[in-house]
Amino acid sequence: MVVFPVPALMVHARELHRLGPANNDRLSAVRVALSVAVPGMFLLLIGRPDLMMYAVFGALTGMYGRNETHQLRLKHQAQAALFLVGGLTIGVFLSANHIHSWWLVLVATLFAGAGSLYADSVRLKPIGPFFGILALGACASVPTSVPLTTAVLIGAGSAAFSLVVGFGGWFRSRTWVAGAGRGVPALRGPQSQAALVHAARYSLAVGAAGAIGVLSGSGHPHWAMAAAAVPLAGADLPSRVHRGIHRIVGTFLGLGIVAVVLFPGPLSPLHYFPGHTTVVLAVLVVLCQFPTELFMARHYGWAMVFFTPVILLIAQLAAPMDPGVLVMERAIETFVGAVVGIAVAVLVRSRRGGLVGPPAG
């Protein structure tokens, strides 16, 4: 029987609600919000808010390289764009060909492992393949109302706009750090082994969560798969457990916002703008993206409070469904996925008994 000392438990409890130090968060949040707003509003103006999902996933390119020099941010965002649009493309292909259920789980599992290796090898930050997995699963789970090339071009165009926004500050300061955009050393020796084990951990967590989702009869097993990847981005076991808890609590609070918006009643903004549902939802997606990025590096749980409405509202724009079912399935799948991710983080250890984490750097 393992007994945890009370002081240690108190330390972990404090860490769960501690807000990290500010680090140029407002500027990063403005960049990401702008990256989402411009392509999103363009789709709204041409009467295709149902395609906003593809634009949002492309625009998440702006979340990478937030405090790096301009040329290094450009490089890392280009690498992130390749990964995000790649996940989007696979997801749209699966949707267009009506490939779901176990095939989706298999593809996402392989993508999670490969994405982990890719993210570690190019040193992407945010760490790990989470956003690519989310893009793949979400795009695979909604009906495709446009040709595959159109959906991919929307995502790629949005990602390209994010690159322009991320590099835009250079035209004001025109500073260039010599060598900042050079490649990073290849993973070798222990780092390479750690990256392989970490990739296997991602595949195991995503595959197990997806299998549970399919066997349970859920219509959205991809939510469980994405949630399972979240804890694994932590640097050590405590941080992985904390991220899993943040994912659950933050998502549940975010579902409260979604319920207020989508459930009929005087609290919903839809109540005051009848006949303009798509416009209201699209605007809310843009507004929620700002606080998502504002808190992403400081407190993951608070970031999830606002990111949850972003994901569910773009899904609702793409394929409307009963709000009660939407909220309930999201809650269940997130809880299952986060618990699976935490379990994998606890169980998969190195030969020396320590945890194998993502490569440093």
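Let us begin with a charged pair: Arg66 forms a salt bridge with Glu293, and their closest N and O atoms are 3.2 Å apart. A salt bridge here is a side-chain nitrogen of Lys or Arg within 4 Å of a carboxyl oxygen of Asp or Glu. Arg66 sits in the loop between α3 and α4 while Glu293 belongs to helix α12, so this pair ties together parts that are 227 residues apart in sequence. Both Arg66 and Glu293 are buried, where buried means under 20% relative accessible area, exposed means over 50%, and partly exposed is in between (1.4 Å probe, protein chains only).

A word on the model itself: it is predicted, so local features need pLDDT of at least 70 and side-chain atom pairs count only at pLDDT 80 or more, while totals for chains, interfaces and linings use all residues. Residues are numbered from 1 along each chain as its sequence is written, and side-chain values use heavy atoms, with hydrogens and water left out.

Arg66 has another partner. It also forms a salt bridge with Asp25, with the closest N and O atoms 2.6 Å apart. Asp25 lies in helix α2 and Arg66 in the loop between α3 and α4 (70-96), so this pair ties together parts that are 41 residues apart in sequence. Asp25 counts as buried because its relative accessibility is 6%, and Arg66 is buried with a relative accessible area of 13%. Through shared partners, salt bridges join Asp25, Arg66 and Glu293 into one network. The count comes to three salt bridges; among them is the pair of Asp50 and Arg48, whose side chains meet at 2.8 Å, N to O. Here Asp50 is partly exposed at 21% relative accessible area, and Arg48 is partly exposed at 28%.

Now step back to the fold. Of its 361 residues, 52% count as buried.

Next, look for the largest pocket, which holds about 1000 Å³ of space. On a 1 Å grid over the protein atoms alone, a pocket is an open set of points where a 1.4 Å probe fits, with protein on both sides within 12 Å along at least five of seven lines; lining residues have an atom within 4 Å of a point. Of the 30 residues that line this pocket, the closest to its centre are Arg243, Met296, Ala297, Arg298 and Tyr300. Two or more lining residues come from each of α6 (130-140), α11 (237-262) and α12 (277-296), with α11 giving the largest share, five residues.

Which residues make a nonpolar surface patch of about 360 Å²? They are Phe42, Leu45 and Ile46. A patch is made of residues with over 30% relative accessible area and no salt bridge, with nonpolar side chains (Val, Leu, Ile, Met, Phe, Trp, Tyr) joined within 5 Å. Ile46 is in the loop between α2 (25-45) and α3 (52-59), and it counts as partly exposed because its relative accessibility is 48%.

Finally, some backbone details. The peptide bond from Lys125 to Pro126 is cis, with omega near 10°, and Pro126 is in the loop between α5 (101-122) and α6. His98, in the loop between α4 and α5, has a positive phi near 55° although it is a residue other than glycine. Ser101, in helix α5, also has a positive phi, of about 55°.

Note on methods
Grid points are joined across faces, edges and corners, and a volume is the space filled by probe spheres set on the points. Helices (H or I, at least four residues) and strands (E, at least two) are DSSP runs, numbered from the N terminus. Patches are made of residues with over 30% relative accessible area and no salt bridge: like charges are joined within 9 Å, nonpolar side chains (Val, Leu, Ile, Met, Phe, Trp, Tyr) within 5 Å. Accessible areas come from the Shrake-Rupley method with a 1.4 Å probe; for residues, only the protein chains shown count as cover.
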